[in-house]
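Here are some notes on the model, as numbered points. Please read them with the structure open.

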Amino acid sequence: MKTNALFAGLLISSVAFAQNPSSMSSNPLLQPFNTPHQTAPYDKIKPEHFLPALKESMAEGRKEIAAITDNPAKPTFDNTILALEQGGGNVGKVSAILFHLNGAETNPEIQKTVREASPMLTEYGNDITLNDKLFARVKSVWDQRDKLKLDTESAMLLEKTYKSFSRNGANLNDADKEKMRGINKELSQLSIKFAENNLAETNEYALVITDEKDLAGLPDFVKEGAKATAKKMNKEGWVFTLQAPSYGPFMQYSENRDLRQKLFLAFNARGFGGGKNDNQVNIAQIVKLRYEKAKLLGYETWADYMLEERMANSKQIVANFLSDVKKYAEPAAAKELAELTNYARKNGFTEEKLQRWDVSYYSEKLKKEKYAINDELLKPYFKLENVLDGIFTLTNKLYGITFKENKDITGWNPEVKTYEVFDKDGKFLAVWYGDYFPRPGKRAGAWNNSIQDQWIENGKEYRPHVVNVCNFTRPTDTKPSLLSFGEVTTLFHEFGHALHAMLANGKYQTTSGTSVAWDFVELPSQIMENFAEEPEVLRIFAKHYQTGEVIPQEYIDKIRASSNFMAGIGNMRQVGLGMIDMAWHSAVPNGETVAQIEEKADVGAKLYPKTEGTSVSTAFSHIFAGGYSSGYYSYKWSEVLDADAFELFKEKGIFNQEVAQSFRDNVLSKGGSEKPMVLYKRFRGREPKPEAMLKRAGLIL
């Protein structure tokens, strides 16, 4: 198994080693995994296993590189490109497990290991892409590409391999290659530090309430969750944290405006308040180094470098796209905010303008008044296990796949559920892990990850091991995990990513599964969100956790009627985040502070009075600790694709087998084996049109 092993140092994050006395023979990471489907034996893996395993694996990887460069035969696709693709030993496997644990189940030992490992793995990647002899062979094959008569996927592998070298410095002179090595090392460490600071800021804050009067307005499910958190933390009263299932409901329901403000400021000051977890210096260094790397490679800015391989392949295209969305969203947002302010005044609000800690509270009350619906009413119908069963049923109807829990496959935490996934003909497709509740060692948010991708090697097919990680409302002593409708759509979203990986059907790992252009990767996830609102789908899983009653049609109608509630404000928020991202990365760094960048770029925040002491960027892990730099616009970009694509499902019937099979064959199974627009047009019969997205958001009639 690999995770693009030879390029692990460039694609996963990065890693270095110190000698460890652990016996190699007893190191589970250096042994064949004698487990179902060769899944990682998390119950046997310890932090001290990683560094020696990586050191040994990288030594093997370097031998494989030497075998390619020392081959006296003329460079060919097989002896160079394919050999490179299939090499790498354990490096990808070990690093994939390490970085997964650092996100989902970290601790000080894992964090220390990542910090020690990161520079070495970066150096390993540099030693590959900056290897003159290796690049000469790759370039030789690339230069004869028109004569090779490669199939489409092999031609794409060749293109991606050549570009992975050229776009990472292979054409630089020796002095600039040394600069590139230093930049890559620094960037890997800074992104790790950014993520650690963000996790620490989230974990270290707790709002402790001991006076029950301060719980006014909070539904029972919120109070019960806070009581359980307090018990877990050995505190009296009720505890609210900066984790989404705690923070969000408090901001929606709490009548205590001072406490809403206090919690809001804590959440939005993460990484911005000075002290040991401050991320402002990290951001300045990351942005500076990204710019220097782009300049070394011949690009004007980091955004120019990153966008070259995207569907939206220039800064101007992204700027125009965000501006177009803003054109429709801004007047809608202004109208919504005026309505919300008037409503608040009628209900006792006396200030001229709503503050940002007022918006969720009054929005929730107005939504309930307009549509007679809120999370408190809906949550009993969205028991986590029922929603999962509904997703399983939906994907069976669409693609014929089935899920079977296998408790012999161990997870990294006892809460993790593991499943085998089978195709309609009974063929094994994937292992799927679900991890759903907040923990101190787990970063915030929701994400999909592959511990093992899909590929074929020497006639053997390796099937994927796929992970969904979320942070949902925990079960309490009296209730199971009951999701808000927002959490339901999050679950559908991440499962869409998982399907993209699970249904992969390619020859090469580099072109398989979610290895696609960044602004195409959200199409499979966001199209799944559409199904969550469909009456036929809701009736499958939305059943009252106590009575088993199917969700009433009245509630379904209200969900759909309220789906565009505050859509203008929501779209302005997304546009603002995209503009912050581009402000950091699409210009020459000139020493502007975090506050200055956001003052200029955050159009969503401009709807409200300025809040001193808060920042988006210092906790913006997507762009500073994840893969979304110069790419946050892709969420909105993909909404154009998913809304347009789902129109075909609605035209033909949402369970239509022909449409579903076409989406599977032309999008989900193809990965990055062809250009994304080619794949989309093959499914849809034409290029996407933005009207479906604008209509769905209520921004045009």
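1. Ala 372 is partly exposed, with a relative accessible area of 38%. This is a predicted model, and the values here are computed from it. Ala 372 sits in the loop that lies between helix H15 (356-371) and helix H16 (375-378). The backbone is worth a look at this position: Ala 372 is not a glycine, yet its phi is positive, near 55 degrees.

2. His 37 also deserves a check. Its phi is positive, about 60 degrees, although His 37 is not a glycine. The residue is found in the loop between helix H1 (8-11) and helix H2 (47-69). Is His 37 buried or partly exposed? With a relative accessible area of 24%, His 37 counts as partly exposed, because the cut-off for buried is under 20%.

3. H12 itself covers residues 280-296, which is 17 residues. At 1.5 Å a residue H12 should span 24 Å, and the C-alpha atoms at its ends are 25 Å apart, so the two values agree.

4. Which residues of H12 are buried? They are Asn 282, Ile 283, Ile 286, Val 287, Leu 289, Arg 290, Tyr 291, Lys 293, Ala 294 and Leu 296. Note that Arg 290 and Lys 293 are on this list. The buried residues of H12 pack against H8, helix H13 (302-307), helix H22 (567-585), helix H23 (594-601) and helix H24 (621-624).

5. Strand S9 (residues 465-469) is mostly covered, with five of its five residues buried.

6. What does S9 pair with? Strand S5 (residues 428-435) runs parallel to S9, and five bridges link the two. Asp 435 has Val 469 of S9 as its bridge partner. Strand S6 (residues 447-452) is also joined to S9 by five bridges, but in the antiparallel sense. Within that pairing, Asn 449 stands opposite Val 467, and Asn 448 is the bridge partner of Asn 468. Five of the six residues of S6 are buried, so S6 is largely enclosed by the rest of the structure.

7. The second largest pocket holds about 790 Å³ of space. Its lining is made up of 30 residues, and those nearest the centre are Gly 225, Ala 228, Thr 229, Lys 232 and Arg 474. Helix H8 (174-204), helix H9 (220-232), strand S2 (238-240) and helix H10 (244-253) are the elements that each give two or more residues to this lining.

8. Which element gives the most to the lining of the second largest pocket? H9 does, with 10 residues. By class, the lining has 14 nonpolar, nine polar and seven charged residues. Among the elements that line this pocket is H8, and H8 is also one of the elements against which the buried residues of H12 pack.

Notes
Residues are numbered from 1 along each chain as its sequence is written. This is a predicted model: local features need pLDDT of at least 70, side-chain atom pairs count only at pLDDT 80 or more; totals for chains, interfaces and linings use all residues. Side-chain values use heavy atoms; hydrogens and water are left out. Buried means under 20% relative accessible area, exposed over 50%, partly exposed in between (1.4 Å probe, protein chains only). Helices (H or I, at least four residues) and strands (E, at least two) are DSSP runs, numbered from the N terminus. Two strands pair if DSSP finds at least two bridges between them. On a 1 Å grid over the protein atoms alone, a cavity is a set of points where a 1.4 Å probe fits but cannot get out, and a pocket is an open set with protein on both sides within 12 Å along at least five of seven lines; lining residues have an atom within 4 Å of a point. Grid points are joined across faces, edges and corners, and a volume is the space filled by probe spheres set on the points. Ala, Val, Leu, Ile, Met, Phe, Trp, Tyr, Cys and Pro count as nonpolar, Asp, Glu, Lys and Arg as charged, and the others, Gly among them, as polar. The expected span of a helix is 1.5 Å times one less than its number of residues. Contact means heavy atoms within 4.5 Å.
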